[in-house]
Amino acid sequence: MKLYSTRNMNHIVDLKEAVMRGLPPDNGLYMPLNFPKLPDDFIKNIKNYTFQEISFEVCKTLFGDYIPESDLKEIVYNAIQFPAPVVPLDDEFSVLELFHGPSLAFKDFGARFMAQLMSYFNRGNEKELVILVATSGDTGGAVASGFLDVPGIKVVILYPNGGVSELQECQLTTLGSNISAIRVDGTFDDCQAMVKRAFLDKDLNESVRLTSANSINIARLIPQSFYYFEAYKQLPNDGKKNTFIVPSGNFGNLTAGFFAKLMGLPIDNFVAATNVNDVVPEYIETGEYKPRKSVRTLSNAMDVGNPSNFARLLYLFDPMFSDGDSSTWNIFKENLQGFSVSDTDTEDGVREVSQRFNYCIDPHGAVGYVAGKRIEDDSRKVVFETAHPSKFLSDMERILDSKVEVPQRLLVLKDKKKDFDSMGADSELLRSYLLSKFS
Ligand SMILES: *Cc1c(COP(=O)(O)O)cnc(C)c1O
């Protein structure tokens, strides 16, 4: 599998370099040079495959010539360990539940797969690899549990004191093993600045092998294509067209859907559902891309003003893309519909899904549901439920005016002992910490 940088088509790397680097040196994004098609027989017989088998087939097709089959199988089977069930609400609406992983959001798929791939590519290295991340909550939890007990890798997570929820802090600080947490007396921006300084510190990097678990790493996108196949497998063969509705922020989830389509999955329609941070629906409508500061909403994991994967979509639809080219816009519009949903409509959506279907949907999924209602056709609407509603407990209980159940696997964290180091918002302190611990 070869990848290019969106800033320079002639900058070609292999999968290992793309995964271990995260970002190309020119600050573009890595994109696969091509998408090999899965065998027709596989799609035809997909109902006979388990989720793990499907994921393995997709990987084999993408880079089976690059990683030996038995190793690849181990990577995939270790990463894909929880289901992605489709729950029909009625004839028109279904929900694809992507929250059955340890951090209760779909980001678990990407984080776990990236952890397995990094560990594989890191084999044979004497020195351990240290993943350094700053988190405002969700990413840290997914990365921490994704890398838990992965050999050869240590994880250090920085989080702002008072800046994450009680349960999120438990997710970061109770795992132990190869995961360490640092509570920083400062803001998320301070944490991020400290991490950035550490990556730029030449001396430090000579003593400690540091890397990031960046959200735009290609290793986080690839596994997100697996569950499009898994969803397709579960849908009835009744001749109805299927519309996949993806609540979107950085557009990684949706980009992975197009990977699946390019590999031969017959998906009829894609819909991008955003909250009022709607630069992509606006682009689809007007042809103008106007990134701007994000605003806070109920579906806060989608509060993104300049989606990092927008560039990937442009190159995916139009490899000849160049700035200001209106033919790219035309192709974009043909491939993707977009809707923007306000917080008021999101709240109404949460209540409607509860009353109409007796199903508890989180604010992100509700954005998808409301978008689905705006589509005027008779296709089946498959709404991606990207997080478990209990992650947004106080908002959910206010909107529904009733209790929302918290899964046992989250509740047990409350009784576990929290273990973390504390430090001021000072890069020098982080530097000494890393040197004393890992050099
Ligand atoms: C990250 C996230 C999203 C947005 O996904 P993108 O791939 O960034 O578009 C949606 N919902 C939830 C719950 C998330 O955590």
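Lysine 381 is located in strand E13, which spans residues 380–385 (strands, E, are DSSP runs of at least two residues and helices, H or I, of at least four, numbered from the N terminus). The model is predicted: local features need pLDDT of at least 70 and side-chain atom pairs count only at pLDDT 80 or more, while totals for chains, interfaces and linings use all residues. Residues are numbered from 1 along each chain as its sequence is written, and side-chain values use heavy atoms, with hydrogens and water left out.

With a relative accessible area of 0%, lysine 381 is buried (buried means under 20%, exposed over 50% and partly exposed in between, with a 1.4 Å probe and protein chains only). Its side chain reaches two backbone oxygens, that of aspartate 377 at 2.9 Å and that of serine 379 at 3.0 Å. Apart from neighbours within four places in sequence, lysine 381 is in contact with Glu92, Phe93, Ser94, Thr243, Ile245, Gly372 and Ile375 (contact: heavy atoms within 4.5 Å).

Aspartate 149 lies in the loop between helix H6 (138–147) and strand E7 (153–160) and, at 53% relative accessibility, counts as exposed. The side chains of aspartate 149 and serine 177 are joined by a polar contact of 2.5 Å (a pair of N or O atoms within 3.5 Å; within protein, one must be able to donate a hydrogen and the other to accept it, and residues adjacent in sequence count only if both atoms are side-chain atoms). Not counting residues up to four places away in sequence, aspartate 149 touches Ser177 and Asn178. The C-alpha atoms of aspartate 149 and leucine 175 are 9.6 Å apart, at a sequence separation of 26 residues.

Three strands form an open sheet in the order E2-E1-E3, with antiparallel pairing (two strands pair if DSSP finds at least two bridges between them). Strands E2 (8–14) and E3 (30–32) are at the edges and have a single partner strand each, so one side of each is left without a neighbour in the sheet. Strand E1 (residues 2–5) is joined to E2 by four bridges; serine 5 has asparagine 8 in E2 as its bridge partner.

The ligand is surrounded by 14 residues, of which the closest are Lys107, Gly249, Asn250, Phe251 and Thr386 (a residue is near if one of its heavy atoms lies within 4 Å). Oxygen atoms of the ligand lie 2.5 Å from a polar side-chain atom of lysine 107 and 2.8 Å from a backbone N or O atom of asparagine 250.
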